[in-house]
Amino acid sequence: MTMIDTDADTAPDAVPAVLYRLTDVRRTYQQKGRIVKALTGVDLEIATGDFVTIQGPTGGGKSTLLQVLGALDKPTSGRVLLGDLDIAAASRGELESLRAREIGFVFQGFNLIPTLTAAENVDMALEPLSVPKAERAERVAEALGQVGLAERADHRPSELSGGQQQRVAIARAIVKRPRVLLADEPTGNLDESMRDEILSLLERLNADGLTLIAVTHDSAVARRARRRLRLAKGVVTDITR
Amino acid sequence: MYARYLRRELAGRKKQTVIVASGLAIAIALVMIVNSLAAGVRDAQAQALESVYGVGTDLTVTGAQAEPGEGTRGQQFDFDEDAGATDEEGTTSIEQSQLTTEMFRSTLDASVLDTVLAADGVEAATGTLSLTNTTFSGEVGQAPAESPTAEEGTAQAPPEGGAGGGGFGGGAFGLDSFTVMGIEPDAAAIGPLSSVTVTDGRALESADAGAAVAVIDASYATTAELAVGDTMEIAGEEFEVVGVVASTSEEADTAANAYIPLDVAQDLSGVGDVLSTVYVQASSSDGISAVQAEIEEALPDATVSSQSDLASTVSGSLSSASALITNLGTWLSVIVLAVALALAVLFTISGVSRRTREFGTLKAIGWSNGRVVGQVAGESVVQSLIGGAAGLVVGLLGIGIINIVSPTISTTAGTTAAAGPGGAAGGGPGGQAFGQAAAQTATEVVLQAPVTLWVVGAAIGLAIIGGLLAGAFGGWRAARLSPAEALRSVG
């Protein structure tokens, strides 16, 4: 079991509440006939408003940890508190509600729906919420404006660059006004200029108070974070300097 | 958003949508056409039967079939020495008519009608006597004599057979026949004449009992060149033609060539107080089976036939068409439908597998399982409805083409007297052939394929069922998709 404490010198100026509290979290699953121990006892606290990156070798459990944090997967054992809710013990309906309202997700491959426009892709995130139609349109426009793609609302993903597609994905994640944005290799499929573009956007959102947790191989991304974690062989280590 | 996403997905997967919809369209069109044709064949069979048994006949009662030689006797024409008329050249013209019943079917005693009327559930009943009028006619010549020429003007006696004189001098003979049915003059609501219209003159009336009057079939009137007011010979007796009747179906003839009062038919044929067929109308369609059972018990020697039994008497192209539609048509449409449904299910499942990342993403951004399943199911149902609509159009088009072409098919209906192989015992030449004529009515019916609510409903229903089935399988597959696994598998 590994305990991670925040370094007082690198803590944000404000003293926010703890958003995530993980206690002895383990995750084991079967893949192609073999047992995979993705997480082997993770203890972790993430503060509200923090910008955390998780680095590590391939197969180290980074994506699994992100999925547990994102309520996409439940740990095999341990506790995962998001605020007051224990994700490990939550029902399927509670997890669906959590994902719909509290958690925004950004993927390496953008994962946009190719047959829908940028605005429609963003609108998909509001579908599970009971938002009136007029307000939905307003929020979609606002989210696209925040990521600088207001004029591309009617374009389909195939008509957008990689960077633009990732911005649409970020807009989709933030349109629901989540408490946390989880990003799995957000710049993995982008070239250098687009990477900087996305990073700047993420930093801006974080500066506005959005908690940001990103899995990344890219050290350039990790350097921009306030806190850096390393996950290898299912164990988390804080490598923030 | 639901409808928009659905529309975009189907448009984005045009090829799959077209394949699934086409498969269902073909299957549904086939089911429609087969069902419609089956209904058309049933109507045609009913029409064929109607020309023989009339409207409103639920059951018929007939005598038992007799084996050849079993009390049956072939026709025999006997001529006396001085029969016929002999002309100056010694050629003798002879003619004789006989009125006979069906050769290989027993008749019923007239009291059978009272027995039938007394049965529970019988609304009405009437009896008929089916006869055939056969006329043997010809000329017999006198062979030239070897003795000196006879004096002119002296009628020469026909030579005795084999004894001196000229012997048989050759001859020409012919047989002519037409069917005659003795009916109760006032029975118009049931029986063979319940489905005819009077095209000239009048129908038989109760006052015609015992009178030598006849009503003839319109087709027969044309071929025999008879009209109202003319006289015709039946069994050597003169009958006045008082009316001409035609079947309600343009292509069908009525059950007999001529109709005369029952008592007259019985007297003229010399068969006594008997009937060939009793036509029975039940009080309700639900009670037909019970009525049939009661009559069979009361008349164990008789044959009691229901509509479905009568339908089996329909032969010819119509019965072939019926067999084709029932066997090949039904099986073909079942197989094609099964293949179309399987295609729809497989494509839906395959689509869900290909969209693993998409559905995983939707679940990740907060879509509930039910919402995702609903999307998959909705896409399947719409795909199937497109196929259903196309199938409905193609099916209606196919039915329309059949109705435009309106194939005419021949059929015969009625009880068939079995013709014994060597001819009737003691009968003259050709005696056996005429026993069949009275029992069958040749009909040509136009095959139509009716469009019924059932056919349209079946088409729509199949489309919806197809969509729901495919949606259920696809939805189940989508529901089982764990977002973490889905994203992990493509991560």
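Buried residues make up 43% of the 491 residues in chain B, a residue being buried if 20 or more other C-beta atoms, placed from the backbone, lie within 10 Å of its own. In chain A, 49% of the 241 residues are buried. This is a predicted model, in which local features need pLDDT of at least 70 and side-chain atom pairs count only at pLDDT 80 or more, while totals for chains, interfaces and linings use all residues. Residues are numbered from 1 along each chain as its sequence is written, and chains are lettered from A and ligands numbered from 1 in the order in which they are written.

The secondary structure of chain B consists of 13 helices and 17 strands; helices (H or I, at least four residues) and strands (E, at least two) are DSSP runs, numbered from the N terminus. Helix α12 of chain B, residues 453-479, contains 27 residues. From its first C-alpha to its last, α12(B) reaches 37 Å, close to the 39 Å expected at 1.5 Å a residue, where the expected span is 1.5 Å times one less than the number of residues. Buried residues of α12(B) include B:Val455, B:Ala459, B:Leu462, B:Ala463 and B:Gly466. An α-helix has 3.6 residues a turn, so residues three or four places apart point the same way.

Chain A has seven helices and ten strands. One open sheet of four strands runs in the order β2-β1-β4-β5, with antiparallel pairing; two strands pair if DSSP finds at least two bridges between them. Because β2 (34-47) and β5 (85-86) of chain A stand at the edges, each with a single partner strand, one side of each has no neighbour in the sheet. Strand β4 (residues 77-82) of chain A joins β5(A) in the antiparallel sense over two bridges, and A:Leu82 stands opposite A:Leu85 in β5(A).

Another open sheet of chain A has six strands in the order β6-β7-β8-β3-β9-β10, with mixed pairing. Its edge strands are β6 (103-106) and β10 (235-238), each pairing on one side only. Four bridges link β6(A) in the parallel sense to strand β7 (residues 180-184) of chain A, with A:Gly104 opposite A:Leu181 in β7(A).

Finally, the two chains meet. The contact takes 21 residues from chain A and 21 residues from chain B, two residues being in contact if their C-beta atoms, placed from the backbone, lie within 7 Å. On the side of chain A that touches chain B, α1 (62-69), α2 (92-101) and α3 (118-124) of chain A each supply at least two residues.

Key:
A residue is buried if 20 or more other C-beta atoms lie within 10 Å of its own, exposed if 12 or fewer, and partly exposed in between; C-beta atoms are placed from the backbone.
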